[in-house]
Amino acid sequence: MDPSVELCSYPGLDERIVIVRAGDEVDGVFVRTERFNVLIDTLGTPEQCKTALDLLGIDARPLIVINSHMDWDHFWGNAAIAGRAPIIAHAAALERLRDPSTQQVLEDKVSQDSRFRNVELIGPDITFSGSMVLNGGDLTLELIHTPGHTPDHVAVWIPELRTCLAVDAVEYPVPEVWSRRADDLRLLRSSLSRIRDLNARLVIPAHGQTSSPSTVDENLAYFEALADRVGDLSESRLADPQLGSASGFRLEDFVAMADRMPDDVATFYRNCHETNLGATVQAHIEKLKST
Ligand SMILES: [Zn+2]
């Protein structure tokens, strides 16, 4: 069954912004501006997205939809939008849609869970490179390319409210890098720095249900600590495939895991950490080779 969809907010969050929460799975965000409404992400199924639109009770203003990136939990609700509103995403989203792995993820998930049976892979109507600005009159939405978690990842900055919708570039307890390649780690760390430098009052990720800008600093400190610890390793330890389960290198050695975190969530973030560690090791090996 689909996680139920509800609307919520955070202390201090402007009332023009609404969090669209699909259980523990993902948060989308709705922004009401003078000129138009904006929905950032369509959740994991068309049914969830339709429920969200019904709950929001959208008025006569035009609707613009942004897909933050082509991970299933952020855009599989697009079928509820197609033909109703233009969908905007970064140009790199098109390459991800064309990649056979995107179709494979859908087939795998449909075979495991019937709630995905109505999902269609629907791509964006409008794409951009670099950045894009939506001028809503009272509010401005700056779409910032923030790769690293995925190549197509976009965060949204609303300067009037000093609020950053960071989606998956920032995550509690840790974000996940796209691959074990050093380049992707560099991109993720520079996207995190870019978000930190916005000096936001609120930073709202799509997972973790937090709005505190301290999550950005904690994510940056985590990658810094990871690099420091890997930097002290001998060459043989660097090649150890079990490094992630060795004392001092496990996820819990870097971040205080919330006691209430369910087992499957903890397993998910341990896997993220494994990828992050692998990319950190790769970055260190490349650094050693170049000196
Ligand atoms: Zn996500």
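Helix 6 (residues 214-231) packs against helix 8 (residues 263-290) at an angle of about 55 degrees, their axes lying 9 Å apart. Helix 6 is therefore oblique to helix 8, a class left over once angles under 35 degrees (roughly parallel), over 145 (roughly antiparallel) and 65 to 115 (roughly perpendicular) are set aside. Axes are lines fitted to C-alpha atoms over the stretch in contact, and angles run from 0 to 180 degrees between N-to-C directions. Helices are DSSP runs (H or I, at least four residues) and strands are E runs of at least two, numbered from the N terminus.

The model is predicted, with local features needing pLDDT of at least 70 and side-chain atom pairs pLDDT 80 or more, whereas totals for chains, interfaces and linings use all residues. Residues are numbered from 1 along each chain as its sequence is written, and side-chain values use heavy atoms, without hydrogens and water.

The zinc ion has protein donors (N, O and S atoms within 2.8 Å of the metal, or 3.2 Å for Na, K and Ca) at 2.0 to 2.6 Å, namely Asp73 (OD), His74 (NE2), Asp168 (OD) and His207 (NE2). Along the chain the donors follow the spacing D-H-x93-D-x38-H. Asp73 lies in helix 2 (residues 72-75) and Asp168 in the loop between strand 11 (163-167) and helix 5 (182-196), 95 residues apart.

| Residue | Relative accessible area | Class |
|---|---|---|
| Asp73 | 10% | buried |
| Asp168 | 3% | buried |

How values were computed: Buried means under 20% relative accessible area, exposed over 50%, partly exposed in between (1.4 Å probe, protein chains only).
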